[in-house]
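Student: Hi! I have a new model open and would like to walk through it with you. Can we take it piece by piece?

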Amino acid sequence: MQISGTAAIVTGAASGLGAATARALAERGARVFGIDLPDTVGKAPLVDGVTYSDADVSDPEQVQTAVEQAAGASVPLRIVVNCAGIGPSARISGKQGPHDLDMFRKVLEVILLGTFNVLRLAAPAIRATEADQEGQRGVVVNTASVAAYDGQIGQAAYAASKGGVASLTLPAARDLASSGIRVMTIAPGIVDTPMLATVSEEYRSGLAEGVPFPKRLAVPGDYALLATNIIEHDYLNGEVVRMDGGLRMAPK
């Protein structure tokens with residue numbers, strides 16, 4: 001599917017994976033509508049072809065407004081990339097007592113419910129577009145994590161939510177196949193995003209050393225490149241692609 005001449009929604013677009021993906025899509029000729037929270041969207045990089053708006057991905061009304069904005073562009077809405085997420089950690093039973101239930105609920109709400117909320121509301125808008133000559137109307141790329149398979153100590157909430165996103169992939173692709181909409185998921189390994197900005201260079205080097213090859217951390221541009229490849233590759237559907245350099249996470 002061609003990216004140029006389409007509208008695209010990217011969540012978590014103000015930084016990290018989302019910012020890199022929004023830029024990559026805009027550079028390929030898409031009109032990109034970036035969604036992020038109010039306190040972060042104001043810090044988003046200014047990129048030609050990218051329009052930012054405030055929205056909580058778990059809020060139906062806010063997401064519907066964002067979808068309508070993208071669907072109202074002069075080009076068809078064909079692309080959605082879900083990058084929004086959070087990553088707090090806690091042990092199920094630790095020195096502070098049992099895992100905080102509200103924290104667990106919040107992680108699921110943002111990552112799993114938020115991903116599904118954007119998917120369910122964007123799908124009808126994509127379905128309403130005219131199919132291309134191959135019968136395609138669009139593609140949704142979601143973001144899981146290697147934690148869906150190799151969750152570490154303290155990652156119960158994060159791993160459960162990302163596992164849900166991974167498991168959502170195939171049934172969503174089957175549900176939307178008759179509408180000409182593909183659904184794919186990327187499961188990144190360790191990516192050098194703002195969440196790693198507070199750790200020492202020594203710690204970062206240690207993380208990179210654990211990657212079989214190439215021995216470096218992934219960067220947001222790696223994710224953006226894979227996302228655009230998936231969008232353009234018409235025969236990729238209903239699958240989770242690990243982007244991790246062959247990494248398998250240790251318990252901690």
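Student: Where is the place of Pro214?

Tutor: Keep in mind that this is a predicted model. Pro214 is in the loop between helix H7 (201-209) and helix H8 (220-232).

Student: And what is the peptide bond from Phe213 to Pro214, cis or trans?

Tutor: That bond is cis, with omega near -5 degrees.

Student: OK, on to the sheet. In what order do the strands come?

Tutor: The order is E3-E2-E1-E4-E7-E8-E9, seven strands in an open sheet with parallel pairing. From one strand to the next, the twist averages 20 degrees.

Student: How many bridges do E1 and E4 pair over?

Tutor: Five bridges, in the parallel sense. As an example, Ala8 has Ile79 in E4 as its bridge partner.

Student: Which strands does helix H1 touch?

Tutor: H1 (residues 16-27) packs on the sheet and touches E1, E2, E3, E4, strand E7 (138-143) and strand E8 (181-188). The direction of H1 makes about 170 degrees with that of E1. H8 packs on the sheet as well, touching E4, E7, E8 and E9, and its direction makes about 160 degrees with that of E8.

Student: Back to H1: why is it described as largely enclosed?

Tutor: Because ten of its twelve residues are buried, the rest of the structure largely encloses H1. Among the buried ones are Gly16, Gly18, Leu17 and Leu25. After H1 comes Gly29, with a positive phi near 100 degrees.

Student: Now H3. Which of its residues are buried?

Tutor: Val63, Ala66, Val67 and Ala70. These residues cover an arc of only 100 degrees around the axis, which puts them on the same side of H3. They pack against strand E1 (7-11), strand E2 (31-36), strand E3 (50-54), strand E4 (77-82) and helix H4 (101-127).

Student: What does the face turned away from the buried side of H3 carry?

Tutor: Two exposed residues sit there, Glu61 and Thr65.

Student: What about the start of H3, which atom does Asp59 reach?

Tutor: A side-chain oxygen of Asp59 comes to within 3.0 Å of the backbone nitrogen of Glu61.

Student: Last one: how far apart are the end C-alpha atoms of H3?

Tutor: They are 16 Å apart. With twelve residues (60-71) at 1.5 Å a residue, H3 should span 16 Å, so the two values agree.

Note on methods:
Residues are numbered from 1 along each chain as its sequence is written. This is a predicted model: local features need pLDDT of at least 70, side-chain atom pairs count only at pLDDT 80 or more; totals for chains, interfaces and linings use all residues. Side-chain values use heavy atoms; hydrogens and water are left out. Helices (H or I, at least four residues) and strands (E, at least two) are DSSP runs, numbered from the N terminus. The expected span of a helix is 1.5 Å times one less than its number of residues. Buried means under 20% relative accessible area, exposed over 50%, partly exposed in between (1.4 Å probe, protein chains only). The arc is that of the directions from the helix axis to the C-beta atoms. Contact means heavy atoms within 4.5 Å. A polar contact is a pair of N or O atoms within 3.5 Å; within protein, one must be able to donate a hydrogen and the other to accept it, and residues adjacent in sequence count only if both atoms are side-chain atoms. Two strands pair if DSSP finds at least two bridges between them. Axes are lines fitted to C-alpha atoms, for helices over the stretch in contact, and angles run from 0 to 180 degrees between N-to-C directions.
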